[in-house]
Amino acid sequence: WVRRRFGLDELNDLIKDVNELIEYGTDPETAVYDAVREFIKERNFSDIDEFGDDSSYWESYLMYEKPLVSYVKERLRN
């Protein structure tokens, strides 16, 4: 899903951002989530329900966050 949705350069930049946060002393788990959240925020995805109720927002937001976090963690293990 992630590789179909985002370009390789975008994903490599995300990994680079996570690694930089870790190098500056951020806990790795926190670095992953912080970088992924910033990545999502910068792109202003139209299918994230910003104006719906909490349930609708989180359902649409997590559609991006969960696979991106999994992707980043997998890449960091390799």
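**Charges and contacts in a helical model**

Hi everyone, let's start with glutamate 20, which sits in helix 2, residues 8-23; helices here are DSSP runs of H or I with at least four residues, numbered from the N terminus. Before going on, this is a predicted model, where local features need pLDDT of at least 70, side-chain atom pairs count only at pLDDT 80 or more, and totals for chains, interfaces and linings use all residues. Residues are numbered from 1 along each chain as its sequence is written, and side-chain values use heavy atoms, with hydrogens and water left out.

Glutamate 20 has 33% relative accessibility, so it counts as partly exposed; buried means under 20% relative accessible area, exposed over 50%, and partly exposed in between, with a 1.4 Å probe and protein chains only. Together with Asp9, Asp13, Asp17 and Glu23, Glu20 forms a negative surface patch. For such a patch, residues need over 30% relative accessible area and no salt bridge, and like charges are joined within 9 Å.

Now to the salt bridges. Side chains of opposite charge can pair when their charged atoms come close. The criterion is a side-chain nitrogen of Lys or Arg within 4 Å of a carboxyl oxygen of Asp or Glu, and the structure has seven such bridges.

Take aspartate 47 and arginine 5, whose closest N and O atoms are 3.4 Å apart. Aspartate 47 is in the loop between helix 3 (28-43) and helix 4, while arginine 5 is in helix 1 (residues 2-5), so this pair ties together parts 42 residues apart in sequence. Aspartate 47 is partly exposed at 34%, and arginine 5 is partly exposed at 42%.

Next, arginine 43 meets glutamate 10 at 3.1 Å, N to O. Because arginine 43 belongs to helix 3 and glutamate 10 to helix 2, they link parts 33 residues apart in sequence.

Back at lysine 41 and glutamate 38, their N to O distance is 3.6 Å; lysine 41 is exposed at 55%, and glutamate 38 is partly exposed at 35%.

Last stop: is serine 60 buried or exposed? Serine 60, in helix 4 (residues 54-77), is buried, with a relative accessible area of 10%. The side chain of serine 60 reaches the backbone oxygen of tyrosine 57 at 2.9 Å, and a polar atom of that side chain lies 3.1 Å from the backbone oxygen of serine 56.

Thanks, everyone!

How values were computed: Patches are made of residues with over 30% relative accessible area and no salt bridge: like charges are joined within 9 Å, nonpolar side chains (Val, Leu, Ile, Met, Phe, Trp, Tyr) within 5 Å. Accessible areas come from the Shrake-Rupley method with a 1.4 Å probe; for residues, only the protein chains shown count as cover. Lys and Arg count as positive and Asp and Glu as negative; His and the chain ends are not counted. The place of a charge is taken as NZ of Lys, CZ of Arg, CG of Asp or CD of Glu. Helices (H or I, at least four residues) and strands (E, at least two) are DSSP runs, numbered from the N terminus. A polar contact is a pair of N or O atoms within 3.5 Å; within protein, one must be able to donate a hydrogen and the other to accept it, and residues adjacent in sequence count only if both atoms are side-chain atoms.
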